[in-house]
Amino acid sequence: MAEAGIDHEAVFQALPAMVALLTPELVYVDVNEEFVRMSGRSREQLVGRYLFDVFPDNPGDPAATGARNLHASLQRVLTTGERDTMALQRCDVESLERPGEWEERYWSPVNAPVFGPDGQVVLLLHRVEEVTELIKARGARGSRTRVLEAELYTRARELQELNERLREAHAREREVALALQDAMLPAPGPVGHHRVAVRYRPAIGTLNVCGDWYDLVTLPGDRIAVAVGDVVGHGLQAACVMGLLRSALSATSHVADGPAQALEVLGLYARSVEGAENATAVETYVDWETHTITYSSAGHPPPALFRTDGTVEFLDQATDPPLGARPDHVPRPQATTSFTEGDTLVLYTDGLIERRREDIDVGLARLADSLTHHRGADPEALAEALLLDLLPAVGATDDTALVIVRL
């Protein structure tokens with residue numbers, strides 16, 4: 001019984017629709033009373049058994065492909081962490097009393113993920129509407145009605161095939177965008193004797209991929225410029241805009257007096273690039289001769305400075321609106337902080353820390369805790385640990401760029 005006094009098990013059992021819970025291996029964990037009633041199987045014949053051992057496709061009818069389509073839908077939910085609504089399906093059911101005899105049945109399924117505390121899909125919620133009786137009842141009214149019902153089913157099959165082609169087209173666009181992203185975000189070359197690790201993790205699906213970027217520039221003296229940014233947009237367009245902004249900032253960093261001036265120039269340039277409006281970026285200049293970090297942010301989450309004493313300082317004293325957001329040109333702020341040998345600088349994009357309906361401070365605290373937990377790890381190991389700790393195992397809805405510099 002929950003604290004609010006709601007018996008959620010009773011609610012689950014009383015749901016008027018057929019609802020089942022499946023493990024990621026597609027084994028029934030629980031079913032409600034309506035699922036038992038409409039499926040013609042007892043609870044004991046369902047719970048603990050593999051879904052397609054209970055409901056396989058009719059081997060005697062090639063048109064009965066509902067089980068195969070359902071398997072593909074459930075796998076998509078596991079892979080993407082997103083709900084999948086299926087078109088009307090014909091899923092024949094074998095008679096328990098007369099093995100080998102199959103009853104023609106029609107179902108309308110919806111499959112959704114259930115996430116655990118770590119963001120992984122721990123269960124699949126499988127909801128089904130049985131429409132067999134409706135189709136049979138309407139079909140009995142006359143030949144014209146049967147023709148319309150057959151056409152409805154045909155259109156549902158066509159819709160499913162169209163959705164599959166759209167998924168394939170989106171997958172191809174995602175592959176092209178990621179290839180472009182990979183070409184424009186190569187592994188950084190040596191930055192003197194300093195240890196640096198970079199990572200890029202794309203989102204699942206096409207809608208949020210390829211807007212994040214990073215850049216490292218070697219400057220005169222024992223200095224480097226390190227930047228990360230995030231373009232508002234998705235797919236190929238975001239990848240192209242990302243490449244323009246990254247290249248512009250890289251060139252500007254060679255001649256600018258500091259990160260604030262570099263971001264000023266980038267902001268002016270962003271106004272002339274379609275799709276670059278409200279992109280965010282943060283740049284730091286690391287100077288080993290003076291042991292200082294000078295930084296400026298254009299609406300981006302603050303870099304983290306993990307000190308050797310175990311404390312984490314977020315560099316948030318020079319934050320301004322995103323690129324091109326101001327109607328007039330205004331100089332951007334800049335701040336400087338000192339570091340000691342062995343400190344670690346971490347730059348990242350919001351995919352690492354932000355979660356829906358969660359305050360950003362919660363994500364920043366989670367990052368600080370992870371840094372503290374992995375104290376002493378080298379940049380490469382730390383990069384992997386942060387991604388493992390902070391990103392959901394499946395269903396990431398935003399891409400992530402990460403740069404770690406051992407100071």
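Arginine 68 pairs with aspartate 57 in a salt bridge, with 3.0 Å between the closest N and O atoms (the term stands for a side-chain nitrogen of Lys or Arg within 4 Å of a carboxyl oxygen of Asp or Glu). Helices (H or I, at least four residues) and strands (E, at least two) are DSSP runs numbered from the N terminus.

Keep in mind that this is a predicted model, where local features need pLDDT of at least 70, side-chain atom pairs count only at pLDDT 80 or more, and totals for chains, interfaces and linings use all residues. Numbering starts from 1 along each chain as its sequence is written, and side-chain values use heavy atoms, leaving out hydrogens and water.

In total, the structure has 14 salt bridges. Here are some of them:

| Pair | N to O distance |
|---|---|
| Arginine 68 and aspartate 57 | 3.0 Å |
| Arginine 199 and glutamate 384 | 2.6 Å |
| Aspartate 215 and arginine 246 | 3.4 Å |

Arginine 199 sits in strand β9 (residues 195-201) and glutamate 384 in helix α10 (residues 379-390), so their pairing ties together parts 185 residues apart in sequence. Arg199 and Glu384 also belong to a salt-bridge network with Arg201 and Glu380.

How covered are these side chains? Arginine 199 counts as buried at 12% relative accessibility, and glutamate 384 as partly exposed at 36%. Buried means under 20% relative accessible area, exposed over 50%, and partly exposed in between (1.4 Å probe, protein chains only). Aspartate 215 and arginine 246 are both buried.
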